[in-house]
Every structure is written in structure tokens, then in C-alpha cells.
Amino acid sequence: QVQLVESGGGLVQAGGSLRLSCAASGRTFNGYYMAWFRQAPGKEREFVARISWTGGSTYYADSVKGRFTISRDKSKNTVYLQMYSLKPEDTAVYYCAAGPYASTLLDNFNYWGQGTQVTVSA
């Protein structure tokens, strides 16, 4: 019954921007951590960014630090990933996730969205 639904993916040129959204429903996420992961073709799924639902503390992978911003709107039960200065290396399926720990590991997140494709052309 818990659902995470991503939207906002698409095709963009290198240097461009995109904002992803994750609409959450089915439970309250107080005390939980919301995160974005991504998976490029032929690669393992990797951590991108995390935010604590209650306090709003953030944490980023080094590869996106300074370019991506994670945020949440409690009134809308929605998490966002604002992406600037996109590179071809950012091309991947982006997944929204939720879990009880301040973690970067896939196994520590028990709720997942369906994913949204982000393609960055040179």
C-alpha cells in the first residue's frame, strides 16, 4: 500500500537542468530517511542523495555534490531532486527510496519507486 511515484525524467543536453519529483503515500515518514539512487546501463545501482524527513538534514555522493539538491515538501508528501550542470555520466534510471536508517546501502531502504529515466546528451 505504500507507494513512491517518481516523475520529471527526460532528455536534456549536457549543462542543462532537470527536477525530479517523488510523491509518497500510504504511511507517515516521520523518523525515516528519503533518498535518491541511480543505475546506469551495465552498472550497479548507486547512492545519490539523502534527506531526513523530520529534520531535513542532507547528504550527497561526491559525484553530485554542488550540482544536485535534495529537498522535501512535507505538506505535499513529496521529495525532490534538483539537478544542475548535468553531464552525460549522469545518464541513468533514477529511483526514489525510503528507509529507517541514515544509510547509503540499498538493503537499508525498504520502499522503492518505479524509477524515471534521465538521459543527458553530449
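Modeller: Start with valine 12, whose bridge partner in E11 is valine 120. A strand here is a DSSP run of E, at least two residues long, and strands are numbered from the N terminus. Two strands pair if DSSP finds at least two bridges between them.

A word on the source. This is a predicted model, in which local features need pLDDT of at least 70 and side-chain atom pairs count only at pLDDT 80 or more, while totals for chains, interfaces and linings use all residues. Residues are numbered from 1 along each chain as its sequence is written, and side-chain values use heavy atoms, with hydrogens and water left out.

Now look at the two faces of E11. In a regular strand, side chains alternate between the two faces of the sheet. Thr116, Val118 and Val120 make up the covered face of E11. Gln117, Thr119 and Ser121 make up the uncovered one. Buried means under 20% relative accessible area, exposed means over 50%, and partly exposed lies in between (1.4 Å probe, protein chains only).

E11 also pairs with E9. The two run antiparallel, joined by 3 bridges. Here valine 93 has glutamine 117 of E11 as its bridge partner.

The largest nonpolar core has 35 residues. Such a core is a set of buried Ala, Val, Leu, Ile, Met, Phe, Trp, Tyr and Cys residues joined through side-chain atoms within 4.5 Å. Met34, Trp36, Leu81, Met83 and Tyr94 have the most contacts inside this core. Several strands give it two or more residues, including E3 (18-25), E4 (33-39), E9 (92-99) and E11 (116-121). The largest share, 5 residues, comes from E9. In soluble globular proteins, nonpolar side chains tend to be buried together.

Take tyrosine 94 as the example. Contact means heavy atoms within 4.5 Å. Neighbours within four places in sequence aside, tyrosine 94 is in contact with Thr116 and Val118, among others. Its contacts also include Leu20, Trp36, Phe68, Leu81 and Met83.

Two of those contacts, Phe68 and Met83, meet elsewhere too. Phenylalanine 68 stands opposite methionine 83 in E8. The pairing there is E7 with E8, antiparallel, over 6 bridges. Their hairpin has 4 residues between the strands. Within that loop sits asparagine 77. Asparagine 77 has a positive phi of about 50° although it is not a glycine. Asparagine 77 counts as partly exposed because its relative accessibility is 24%. Leaving out residues up to four places away in sequence, asparagine 77 touches Cys22, Ala23, Ala24, Arg27, Phe29 and Trp53. Its C-alpha atom is 8.7 Å from that of threonine 28, 49 residues apart along the chain.

The loop between E8 and E9 holds serine 85. Serine 85 has a positive phi near 50° as well, and it is a residue other than glycine. Serine 85 is partly exposed, because its relative accessible area is 41%.

Next come E4 and E5, which run antiparallel over 6 bridges. Tyrosine 33 stands opposite serine 52 in E5. The hairpin has 6 residues between the strands, and glycine 42 in the turn has a positive phi of about 75°. E5 itself is mostly covered, with 6 of its 7 residues buried. On to strand E6 (residues 58-60): it runs antiparallel to E5, with 3 bridges. In that pairing, isoleucine 51 stands opposite threonine 58.

Lysine 43 lies in the loop between E4 and E5. Lysine 43 counts as exposed because its relative accessibility is 58%.
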